[in-house]
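Here is my note on this model, with a few points to follow on screen. Please have the viewer open as you read.

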Amino acid sequence: LCSRLARLPMEDAALRQFLQEEFYAYQMLTSTRSATGKLTGYFEPVLRGSRRPSAIHRYPAYRAPDDLVSVELAGLYPELAKLRLRGRLAGRKLVPYFSRAEIDADPSPLAGNEILWVDDPLELFFLQVQGSGRVLLEDGRRVRLGYADQNGHPYRPIGRWLVEQGMLSPDQVTMRSIKDWAREHPEQSRQLMNYNPSYVFFREIADDLPGPLGSLG
């Protein structure tokens, strides 16, 4: 289908005929029966990595560290049932866990929690955004990673930083355009990623699942 589509002239009539011949069409409605809404996609990225760090594989994917503390407040404050606090203990005080910029500057508090190492920090960042993915090891085996926990900091989309800095206009922001910009400006890519203080930790999951794990697991 993809090769046929690539050979088609980009004309409405040809595209319409192709879609009618090869696909079934279904109308999607929201819960209120409206034909207007928001549709999002989800996929599992595939990264290249190793069980051991090297000059190529330098960027670790971490499991949830033991010092990451989660606080559930629903039992005492039902109105806060949707709020989950995460942090770490400093003496007897609960303080915010390390942000992305702090982990990048000094990863030593997470030493020993590495699951594996990958070759591209930007792809690792987007693996955290997606929440799960696969890592192709040097021997051909694949490791499947799923979401385990998060450092408690709010998620901030890095496309917003590019817009605020005047690097892209709002209508230009896509995953592809963000990646392209970061690769064209490697000296600023770390600043771009650190704009998002949220940091995701992973766990290894079974490789025989039929597809990526979404919000329902």
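1. Let's begin at Valine 135, which touches Leu47, Arg48, Gly49, Leu116, Val118, Arg141, Arg142, Val143 and Leu145, leaving aside residues up to four places away in sequence. Contact here means heavy atoms within 4.5 Å.

2. A word on the basis: this is a predicted model, where local features need pLDDT of at least 70 and side-chain atom pairs pLDDT 80 or more, while totals for chains, interfaces and linings use all residues. Numbering runs from 1 along each chain as its sequence is written, and side-chain values use heavy atoms, without hydrogens and water.

3. Val135 is also among the residues with the most contacts inside the largest nonpolar core, together with Leu116, Val118, Leu124, Leu145 and Phe202; this core has 14 residues. Such a core is a set of buried Ala, Val, Leu, Ile, Met, Phe, Trp, Tyr and Cys residues joined through side-chain atoms within 4.5 Å, with buried meaning under 20% relative accessible area (1.4 Å probe, protein chains only).

4. Which elements supply at least two residues each of this core? They are S2, strand S6 (114-118), H4, strand S7 (133-137), strand S8 (142-150) and strand S9 (200-205). S6 gives the most, three residues. Strands (E, at least two residues) and helices (H or I, at least four) are DSSP runs, numbered from the N terminus.

5. Apart from this core lies another, of 13 residues, including Leu122, Phe125, Phe126 and Tyr195.

Definitions and conventions:
Buried means under 20% relative accessible area, exposed over 50%, partly exposed in between (1.4 Å probe, protein chains only).
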